[in-house]
Structure formats: C-alpha cells, structure tokens
2 protein chains.
Amino acid sequence: MACKADLMVTNAGQLLTLARPAPRRGLAMSDLGIVPHGAVAIAGGRILAAGPENAVRSRYEADDELDAGGRVVMPGFVDPHTHLIYAGDRIDEFELRLRGATYMEIMAAGGGIRSTVRATRAASDDEILSQTRRRLRRMLAHGTTTAEVKTGYGLDPENELRLLRLIRTLDDSQPVRLVPTFLGAHAVPPEFDGRAEAYADLVEGMLPQVRGLAEYCDVFCDEGAFTLAQTERILRRARELGLGLRVHADEFASLGATRLAVELGAASADHLVVTTEDDRALLAASGVGAVLLPGTAFGLGKKSYADGRSWVDAGAIVALATDCNPGTAPSESMPFIIALACRALGLTPAEAIVAATLNAAYCLNRAHEVGSLVAGKSADLLILDAGDYRELAYRFGTNPVGTVMVAGRICETD
Amino acid sequence: MACKADLMVTNAGQLLTLARPAPRRGLAMSDLGIVPHGAVAIAGGRILAAGPENAVRSRYEADDELDAGGRVVMPGFVDPHTHLIYAGDRIDEFELRLRGATYMEIMAAGGGIRSTVRATRAASDDEILSQTRRRLRRMLAHGTTTAEVKTGYGLDPENELRLLRLIRTLDDSQPVRLVPTFLGAHAVPPEFDGRAEAYADLVEGMLPQVRGLAEYCDVFCDEGAFTLAQTERILRRARELGLGLRVHADEFASLGATRLAVELGAASADHLVVTTEDDRALLAASGVGAVLLPGTAFGLGKKSYADGRSWVDAGAIVALATDCNPGTAPSESMPFIIALACRALGLTPAEAIVAATLNAAYCLNRAHEVGSLVAGKSADLLILDAGDYRELAYRFGTNPVGTVMVAGRICETD
C-alpha cells in the first residue's frame, strides 16, 4: 500500500537529484544524478522520495500533483557569498569607473564601501528592510532558496548588530533561507582612518555580542583592507567563541589568507583570483570550500577571472556565488553566474550546477538540509523553463527559472 | 481647453524622450532628453505629447492614467540584428566548445549553422512558430518592441521563402514589430559543398521572389562564409530590386565589407570587431549604421570585443543588438547587452541606451516611427523597475523592465 504524501512533483523530463555523498576532496563534480522521467514526493515540507516516477508512485500517493511538463526539476540554488543588506546604490561610482576613474579617484569622490556605509548608517530599519526585500525577491525569482548574507556596511557596534538583527527579521519574513555572517572587518571606517589596528581591536571586541546573531565571521584580507595578522587574530577569537569562519582571500593580492583558512578550518575561502599554485593545492587537499565569484570581475569589466578549471581539477570543493553587492556586483542571479562560470572560469554546465547547489550548501554547513533532492532534505526545488539542464549555462541574460518551491510551497516570484 | 487623450502615463521620475533630430554623423550620442517629472499622452496608439507632466496635463486630459510611480519611462528597445527564427538548439555544440573543441571539430560533430539548418528544414511551420514565439515572449518581457529578424537557416528557395512567410505570420500575431531580412547568404549549405559560387548564383536567383517579403538583404561576408566579390554581387542585385542592404562585416576577418556597405549605401554594417582604422573612419563619415553585437563575443567566451568607444568617438551611428541566435548568442535581452556594452565596449549608459533605441531604429529605417518618445511616433514604451536610467547598465543578469507598452497597449509579459 502506498504511503501518503502532501504533494508530488511529477513528469520531470530531467530530475537532477545530485544524490551522492556530501562533497569531499577528490569527489567528481560532474555527476548530477539525473533521472530521466522523475518525480518528487513531499510531506511536511520535506522530500520523502525523489527518483524515477514509477518508483516514487509505487511507494507514495498524493492528493496534489504538480506536473513539471517534461522540464528540468532541480534543487534550489544556494548562494554562499552575498553582501545583500545595505541601503542606497553605487551608480555614480559605476559611471565614474566606466569613464576610467581609478579606485583612489572614486574614493576621493566619496565612493567605495564607505559610501554604502554612510547610506546604511543613515537609513532607517524600514528603509534597509524594504530595499533588501526587493533584492531578495529578485534572488528568489532567479531560483535562490538559501543565501548567505554578510554585514559589513555598519562598521560600528550599533550598526553591525542592527544589520544582524535585520537579517534575522528578513529570514523570518520571506521564503529565502538566510545564513548570517558578521563582516565587521569589511573595511576600516572613516572614523578610524589611519588606525586600522584600533579598528581591528573594536571588531574583536564586537565578537561576543555577535555570537548568537551570526553563524559565521568573515574578514576581507587584502591590500587596502585587513592584513593577514589582523585577519588571523579576528578569526581566531571568533573561533574561540564558536563562530564558523570564512575569509575574503586572494582577490587582488595573495597575502596568505587561503593558507590561514586551511589552518583555522574555515568553512570557505572566497574570491581566489590570484591564489598561488601551492596555496591552491593546500586548499584543495583540505575540507575548506573554494567559493568563486565571477560576477565581481564581470561587474568591474575586468578580463581576469579565477582559474575555475584548475580549482576543479585540483579537487577543491568549488562553489559559485553572486557576491551580490552595490559596488562591484549588483546582480542577484545565480543562473547568470552559472552561464558566466562556464564561459569565464572553464567549468562545465554540470560542474557549475553542483557548485551552485550542493557544494554551496556544504560551504554554508547546510548540506544535510538543502542542495540536493534526497529523502529527508527540505523540498526546496526549481522547475526550469527548459528541458535540458545545460540551458542554464547556454542561455544568458534571461531567467530560465519557472517555478520556485521552498519547503514544499510554491513561491510567488512576481 | 484640454484635448482628449486615450491614456496618460504620469509620474515618470525620469522620462527619457530622446527628443532630438534623427541621428546623423557627429551627433552626440549621450543626450537622452531627460524630463524629470514627465508624462506621455497617447491616442490611437500614438504619442500626442511627451514632456513635463504639468505641460502635458495643461494640453491633454485622459480617462485612463497609468502611474509610473516615479520610475524611468523610456522608449521600447529596438533590436536591429537577430537570427530569431529557427528550430532546435545548439546545446551539444556549446558544451563541446566549453571543453575546448575547435570550430572544425564542432563542424565534424555536426554542429555549426548547418545543424540549425537541418533542424529548421525538418521542422513543421507550427514547430518553428511555437519555438520562435517563446523567444519573442522573452524579448518582449525584456523590453524589445521592434526587432529585425533574419532568415538564413533555410538556405534553399523553399525554406528561405517559408521563413520569410513565417516572420510575417509572427509579425501579425504578437506585439513585437518585426523587420524581415533575407539572409540566404548566411552559409553555404551542405548540398553546395565546394560550390560556393553556384550557391551565390542561387541566392541571387532567389532575390526576385524575396522582394515583397523581405525589407532587407544581408550577406555574411567573412572567412568561411562569403567572399567580398560574392557579397557585392548579391547586394548589388538586391539593391536593383529595391531591397535595403545590411552586411555582416569584420567579425573574424577584415575583407572589405565595411567599405562595400558605405559604397552601396547599406542601412548598416554589423559586428565590426576587426575593422581597420581607415574603414572605421569611412563608415563613421557615412550615414551607414554601425551595429555592435557584444553578446556574441560573450556567448563564445571571447575576450576580444568591438572597440565601441572608438566607434562612438569617431562619430559613427552606433547601435546595439543581441544577435540572438542558437550558436553564439542565445539571449533575447537588450538590457543585458546594454550592461555588457558599458563594461566591454566602453560605452556610457546614456550612449548604450541611445544605441539600443533611436540609433537602432535608424538602422532599420524606423526612426520616423519608433525609438524615441516624441509626438507622432508609436506609443512603444517601457516603465523600468528603477528610478535612475543608469540602473539598466549597472545591474546585470536580471530584468529591469517592469511594464512594456506597444502602440499604447500594455503587453502581458508572462
């Protein structure tokens, strides 16, 4: 006798289950676990079974059925690196940069991270919430069902803690699941000009209050941001307090942050554009995720991207993220990141999809919960407007996501 | 006493009228004719007036009003170069290319233009229509209200004429206005292998039947396609028959097609990636449009783009187009092309918008009808999900177009 399900998604032309062990070093990234005529049985917001439709129907029956019409059914995207919560925009700076302004000229014109810090500090909670909700709606419409969100536009105890509370408010009030990260060490705020060490002290001092609100601590370790020594002491203190660790590593200069991420057992090292061969081998041999952010180079109009192919070939746990932020990557679309990663990073469509789902979930310590369609995980899934998963990479600039489901519920995406 | 309008679009935070003389050599491309608090009065599908809301209200009253909510109101996009009508896709070839396959290997595997020719010849009219309608719906949703559509996947008299008839069917049955171009000289079909001259004869022979169905004749003049001499004789014959002319020029090799376009008074020369300085100066000094197609280089994962900045600075009538086609640019989004053009071609957001509207309309000989918001033109307009026109270029990978209107009617875009 068949068991009862709440809902069955049927007639998936390609069901991408990604059913396989959690990612670890050396695991092939190209296996999507494709089932040709698939179905997913769902109850209580969780997956009961995902597999061949005949097999699923033999075990479950559901009052409600959602016919996928022969299209692709796959896990929702997991976006493991975003700076989603802020006020204002950086359009003026964007236009200055197009006209050839240098980083220093943009800073002098009031641009850069500090301009978003000014706008965010000056904004009310409601303004920040409503502006960020617009971005979350776009994320959801493009298939992202779980996203990491970093602070880093407050840069003082009051505003950093405010942003963490607002992330929680947003997590409770819309469908995208949010993973909060404290990035007090995003930039040195103007009131600490020339006193980066003193600001690093302040960030360390914020950590006990951050605990309980943030799940991760991140530091922007680069020239013009924080030194390796500052990064290390902040992250070590965060780890003592039980926070998970992430780090902005090797975006512009290779300062050793990738090695530090391995040494401290971080969840991920992110950017990795100028990583040395030795550091790549070290990270690939560890369990630390390698989060690549091609949207940032695209947004800046740069021609140099992380060497994604080498990262995959080295056996790293490669994930993709939007880096959604107002300065360098004003984009919420994981499908665009996949299309870009195949062209600019050398990933195959299958690798890019694994990087945008299961590996990204791993980097957020959510691989037990989301990132693949297997029994027990949350029923976070997409129906694409496509019959072949590779269309996600082939088409670009348009949204191939048709239906978005979070915890078994279809989301309104417009 | 105020005159009666059918509809008034009110409360445009930025109304981009593009009100200025039709583009000609040397005209600045950066003037969007921005009205800060604008309105558009519409009757019989045409614009009665577009300007400051107070001024428009003093002259017109309308029963229906559409509140733009302080957002950007602008002309619909004109996409002056697409290969929109075909059957099938080229996903297999896309994946081969990502794995490093050469053009010859792809051809050997059955890829390239010929694979789309096979699929198109084999498809029924209904299959071609329904597949192309899906692409037209995406175009419309991304704000394109007028598009050129080329044949070129039939490559025999029966199928080329069939495609022209189907373009007419599509033009009559959905909102995007279509401008039909005969591109019989897109590639040499397999049955003419090694007999390019004989195929060029056949194309010339098709021209009398093409007249009345196509508005333009185009030739793909490049290495591996048609020689300059073949291009010239086909275009000269087309001109004798009263067709307008366009030409694929300087995409891979500089064969002289740009000079030919000037000599023959073509409407546009398109691609222009490897144009010589002399040819650039010649085209810029003429009335021939320069259509740039950055989506093609993006789609192919290439790092070399047309030098858009130099084309604008030289005073050319620069237009942007998607080149939407299954092999190199499976994208219908003009907003993405604008975002890309600002980053990869060196255009400013204002220039890119002019290139995607008024200058594109000029290249299709439609500047009297569409491409700007001035009295007498068709009421083809967009309301963006943005208060600043530069967001069109700043954001990428998502769709900034909210509402699409063609001839005064709001279109369903989903």
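Predicted model: local features only at pLDDT ≥ 70, side-chain atom pairs only at ≥ 80, totals over all residues.

## Strands, copies and salt bridges

Colleague: In β5(A), what is the bridge partner of Ala43(A)?

Modeller: Strand β4 (residues 38-43) of chain A and β5(A) run antiparallel, joined by six bridges. In β5(A), Ala43(A) is partnered by Arg46(A).

Colleague: Turning to chain B, what does the twist of the open sheet of eight strands average from one strand to the next?

Modeller: The order of that sheet is β8-β9-β10-β11-β12-β13-β14-β15 (chain B), with parallel pairing. Its edge strands are β8 (77-79) and β15 (317-320) of chain B, and each has a single partner strand, so one side of each lacks a neighbour in the sheet. From one strand to the next, the twist averages 25°.

Colleague: How are the two copies related?

Modeller: Chain B superposes on chain A (RMSD 0.0 Å) by a rotation of 180° with 0.0 Å of shift along the axis. The two copies are thus related as by a two-fold rotation axis.

Colleague: Which residue of chain B comes closest to that rotation axis?

Modeller: Going by C-alpha atoms, the closest approach is 2.5 Å, and the residue of chain B that makes it is Gly397(B).

Colleague: How much area do chain B and chain A bury between them?

Modeller: The contact involves 39 residues of chain B and 39 residues of chain A. The same surface serves both copies, since 100% of the contact residues of chain B recur in chain A. Of the area buried, 66% is on carbon and sulfur atoms, and the total is about 3,600 Å².

Colleague: Is Thr348(A) buried or exposed?

Modeller: Thr348(A) sits in the loop between α13 (334-345) and α14 (349-355) of chain A. Leaving out residues up to four places away in sequence, Thr348(A) touches Arg309(A), Cys342(A), Glu95(B) and Arg99(B). Its relative accessible area is 9%, and the cut-off is under 20%, so Thr348(A) counts as buried.

Colleague: Which residue of chain B meets Glu95(A) in a salt bridge?

Modeller: Across the interface of chain B and chain A there are four salt bridges. Salt bridges with shared partners join Asp92(A), Glu95(A), Arg99(A), Asp388(B) and Arg390(B) into one network. The side chain of Glu95(A) meets, at 3.0 Å from N to O, that of Arg390(B).

Colleague: How many residues apart in sequence are the parts tied together by Arg114(A) and Asp193(A)?

Modeller: These two form a salt bridge, with their closest N and O atoms 2.6 Å apart. Arg114(A) lies in helix α4 (residues 113-122) of chain A and Asp193(A) in the loop between β10 (177-185) and α7 (196-210) of chain A, so the parts tied together are apart in sequence by 79 residues.

Colleague: Last one: are Asp218(B) and Lys150(B) buried or exposed?

Modeller: Their side chains meet in a salt bridge (2.8 Å, N to O). Asp218(B) is in strand β11 (residues 216-220) of chain B and Lys150(B) in strand β9 (residues 144-150) of chain B, 68 residues apart. Asp218(B) has 0% relative accessibility, Lys150(B) likewise has a relative accessible area of 0%, so both count as buried.

Terms used: Residues numbered from 1 in each chain as written. Chains lettered and ligands numbered in written order. Heavy atoms only, no water. Pairing = 2+ DSSP bridges. Helix = DSSP H or I, 4+ residues; strand = E, 2+ residues; numbered from the N terminus. Axes fitted to C-alpha atoms, helices over the stretch in contact; angles between N-to-C directions. Least-squares fit on C-alpha atoms with pLDDT ≥ 70 in both. Contact = heavy atoms within 4.5 Å. Buried area = accessible area lost by both parts, 1.4 Å probe. Buried < 20%, exposed > 50% of the residue type's maximum accessible area, 1.4 Å probe, protein only.
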